Amino acid sequence: MHRWLRRAAGLGLSGCALAAVLIPGPAASGLARRVASGGEIVVGAEQEPDCADWIASCAGSSWGVFTMQEQTMPRVFDVVARGRQWVYTPSLLMAGPPVLSTDGGTQVVRYPLNPRAVWSDGAPITSTDFRYTWDQIAHGTDIFDRTGYDRIASVDDSDPHTAVVTFRTSFAGWRQLFGGVYGIYPSHLLQGRDRDNAMKDGYSWSGGPFKVQAWDKGVDVVLVPNPAYWGPKPKASKITFKFLTDTAAEFQAFQGGEINAAYPAPEPDAVRSIKAGLTDASSLVNADTGNIEGLWMNNAVFPLDSVAVRQAIAYSIDRNAIVRLLFGPLGVSGPSNSLNPPILAPYSDQHAFAGYHLDLAKVRQLMTRDGWQRVGGLWQKNGRTAQLTIVSTAADKRRELTEQVLQAQLRRAGFALTVQNRDANTLFGQILPAGSYQLGLYAGVATDLDPGLCTVFCSSNIPTAANGHSGSNYTRTSIPALDPLLQQVDTDNNDATRVQASKAADRILAAQQVALPIDPLPNIAIWSKRVSGVRGDNPVYGMFWNLSQWQLQ
Amino acid sequence: MLNLVGRRALYSVPVILIASFLTFAFVRATFDPTAKLRQSRESASAIRAERVRLGLNKPLVDQYGSWLGRFLRGDWGTSERTHEAVTAQIGRALGNTTQLVVWGVLVAAVIAVGIGVYSALRQYSLLDYTFTGLTFLGLALPPFWFGLIAIEFLAVGPKQWFHLSDPPLFFIGLHSGGGGILDYARHLVLPVMTLTVQIVAGWSRYQRSSMLDVMSSGYIRTARAKGVPRRQVVLRHGLRNALVPLVTVMALDIGALFGGLIITEKIFSVPGMGKLFIDSLLAGDATTLTAWLVVTAAFIVAFNLLADVAYGWLDPRVRVA
Amino acid sequence: MRPPTPAPPAVPEPEPVGPSELLPSVEPPTAVEAQPGSAGQLFWRRLRRHRLALISIVVLALLAIACFGAGLFAPYGRDEQNLALGAVGPSWQHWFGTDELGRDQLSRLLYAGQISLEIGLAVALLSTLVGTVIGAVAGYLGRATDQTLMRLTDLFLVVPAVAVLAIALKKFGHDRFTIIWVLAALFWMYVARVVRAQVLSIKEQDYVEAARASGASGAWIIVRHVLPNCVGPIVVNATLSVAAAIVAESTLSFLGFGIQIPATSWGRMLADAEGTVGTSQSYLLYFPGLAILLTVLAVNFLGDGLRDAFDPQRGDA
């Protein structure tokens, strides 16, 4: 699934610990005495989730996943590192790996359930819960995203210990179902009730290591161990996620010992604080994320409807300089070169865009051949000037710095750039769907290990009046050769041919230069030396993927 | 007197009604409640169905009518952002904002009256000039800048200079996990300071000028001539009469504070009305915003009324008339 | 919000909306009896006596010259970047330091001043114009017109200004011109009330009655006889609105509705520096704040001086 998830001012979720850099602080000072003993850990959360009904449209915040969802909702697959790659592996909910069969062209998946798996009230987790979950997502109202579930024809729950899911059309990304940022819902507690109403303000049941003790809106979320959990018991007796929506305040709170760990978005303020050194702390920077920050182009408007102009813009930009400026202090230096984020490396050509680098001679060549003339420093064609506007999320320091560097770089290459930033809600809710922009600076986020660029680049997903402006192909990419490839990526259950199709699509995207990838928005984790058990970053579940193993000394 | 109050109260009703209609129309024109569905890739027919369910296909006046009916019955709708009842959201936010308002007003009133009275009694003294200077400074400070500078020099700074494990004053929220009165006070100082600077400046100027007026009036001079002790003249006659205009101004200002602490709450992460406004605005949560605007407007109208009442009640000249 | 019952004398009429974070609570210019014919020299003599106001005029003039002449005075270009340099504190090369993009903050401060002052002046001008027309018409025509216009004014005063501003900017986008007209749309009520009060007190006077009797039109009477006598309060109010608009713009920037980069205003520079609190770059926070402080202070002093100069009866109080 390719989603536009919200994380702090920007977007994001994910990563892996390959590029981990430990930044030791100066000599240790006094103990952080504000934190109570007995293994009560306080974590800073940069954003408060709007609601805790994970499949409703009010969800979709990565901090909802971090603070509650991943600790309480059972899932079929975990996402773990194997070597240099992230892979799905069956969770403790499963008695064995789910079995995929495509006999007679019908895709069927059988999920063998662990008989020890129970909800916090002792009721077993059964195939009926699978059926309920599918029914809610596929047929409910006000759902965040139905991708995949809308392809399921039925869920057979005649055997409580085996869920049999039959698909209407084949769906290669089936491993992201019944897990990810949604999870599996307890039918025995919710059936016949208003699910949204029961869950939105937090819920006391759990099928994970922790359960939500209290969600004090605007203040914090408190997790306590779920005694009925059948897996390894949590080591901490209490985890508090404290909402600190201001990055500067978050770092002050960390330095003051008010919080023991934080997972700040890679904003300049956070980068600066880490560069300055943190006292008595460990930190980790991971550039191998599920994010892709890019310069997205509206392929349907002048002058970006010309491939040559899009390419010329790509050759006008020194992406290295931008990445160095934003993340250099974190040790991240190179730009991203694929519109698939780093965690999807197995499915993508991570060097597809490597050919685009600052080359003004190339810009001149491309523009001249496309019929442009340079007049007074700016390109002109048929009396129209190469005057571009860029939109992004307002009040986002990192993006505004990027835009100003882009402005200077493009000006040198003969393009004038005007900034028209708006708040995220207006940007993603109105401007991008309506296509009333030329260039956009924002991030795409993968929340699972399946490539899925069809949602953002298939011509059928261009938002139009006919489809109620509900597609996500904001770049209005319409390339006949690309559509079948991306559809194959979505449906092909043969991994080898799927990989081939995905890489071929990447190369077409690069050749047509529909958008320019810039950086992977590195994830940053910081934690006090007193907290043990932190084991790096996870592309879906953040630094909190093994929260149950954390403890305070 | 009662007649006066009644007349003004009656006058408030159409004002708040028309204000609520304009607010409703303004928010409707600005936000599309179905924008979120588009982002979650709902089908066109689902979006149309939702528009019908919300009544967006009806004329604006009809929409307003049914909204007003529900609003008056206490059904303020469900927030599109959090799916929570708007009444619950606003209730919680008001609780936090009220704490800031109450403490802020108390502190500001004491300081402003003190400064005003002193400055009036010792007109043209060094301290009077100092206070006047500070007043101008207070009025000229951009409020959020003052808040940030205060964090820098009163919280973060001391912590770094003296290698404390905690900042002496907190600047996040209204309390930490532990709680306790000291903890509460350490959280309150900075936000209350930030929100009172301008108020103190404004109120103390009022207090000073009305105190000067009163002290130069005939009956004070008469009292002094009759040999009433200075202290008694100042307190019993001077201060009491000089407080009348200030109380009126205070009532007006307090009404505006309930919707006016957006900056203070943002800087100090206080989950009050201001923060609710920003969150709702950035999420395009039309239902919450409409209720928010009407509630804050109602506060202003109510405290305006209160100001009128207080004025009529405290000032004998009005009472007689 | 207040019904038009005349307040008893000697008691300052309270402003309808108190010090919100948006509108600094400048002391309201009290409606005073203007002195027909006594302006001119007397005005200047009184203003000259007000030393702070004179200093303020000099300070404001210097600021305006420095900002609008930034092309001449600024040591570096407005957007001149130096990525290799990055953010460094104040030095001889860069008196006010540089930001992340290596831009000279002194130069940016001067260019930002252009925009802040422009916004301040434009909002003051626009709101004064609108407010004067509405106030004069309401006061002169009276009755239904007066009622309608003043109730409209009340409505604008009832809803929290910052909130309405922010919603409007979210709807219309936040470029410089939108910010100006949106601010002006919420500033005119104060002028309108002051002018109306003045007009009400002037229109019954003999010479106005005489003009009316001799067949002069309403518009002519307002322009020729009534408005000249309101100049005092109007000018004082306009002056104070300059300061209020500059501060309001900074508040909007802080809420994320500032003008679009790379253009910047003092308020925007300040808002951008929010995250530097408690870090080595907190110098970015000081200078734009001081610029606003200095300007607003000077404008307020000037307003004070003007008020005294226009109103000889107003004592020190």
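Predicted model: local features only at pLDDT ≥ 70, side-chain atom pairs only at ≥ 80, totals over all residues.
Of the 317 residues in chain C, 54% are buried. Among the contacts in chain C with a separation of 6 or more, 73% are accounted for by residues 24 or more positions apart.

Helix 8 of chain C comprises residues 188-202, 15 residues in total, and reaches 21 Å from its first C-alpha to its last. That span is close to the 21 Å expected at 1.5 Å a residue. Helix 8 of chain C is also mostly covered, with 13 of its 15 residues buried. As a general point, an α-helix has 3.6 residues a turn, so residues three or four places apart point the same way.

Strands of a sheet pair through backbone hydrogen bonds, either parallel or antiparallel. In chain A, four strands form an open sheet in the order 5-6-8-7, and the pairing is antiparallel. Strand 5 (99-101) and strand 7 (152-159) of chain A each have a single partner strand and stand at the edges, so one side of each is left without a neighbour in the sheet. On average, neighbouring strands of this sheet are turned by 15 degrees against each other, direction ignored.

The partner of strand 7 of chain A is strand 8 (residues 162-167) of chain A, and the two pair in the antiparallel sense over five bridges. Within this pairing, I152(A) has F167(A), in strand 8 of chain A, as its bridge partner. Helix 2 (residues 127-139) of chain A packs on the sheet and touches strand 6 (108-112), strand 7 and strand 8 of chain A. The direction of this helix makes about 155 degrees with that of strand 7 of chain A.

Chain B contributes 32 residues and chain A contributes 44 residues. On the side of chain B that touches chain A, the elements giving two or more residues are helix 2 (35-39), helix 3 (44-53), helix 7 (143-161) and helix 12 (273-283) of chain B. Helix 2 of chain B supplies the largest share of that side, five residues.

How values were computed:
Residues numbered from 1 in each chain as written. Chains lettered and ligands numbered in written order. Expected span 1.5 Å × (residues − 1). Buried ≥ 20, exposed ≤ 12 C-beta atoms within 10 Å, placed from the backbone. Contact = placed C-beta atoms within 7 Å. Pairing = 2+ DSSP bridges. Axes fitted to C-alpha atoms, helices over the stretch in contact; angles between N-to-C directions.
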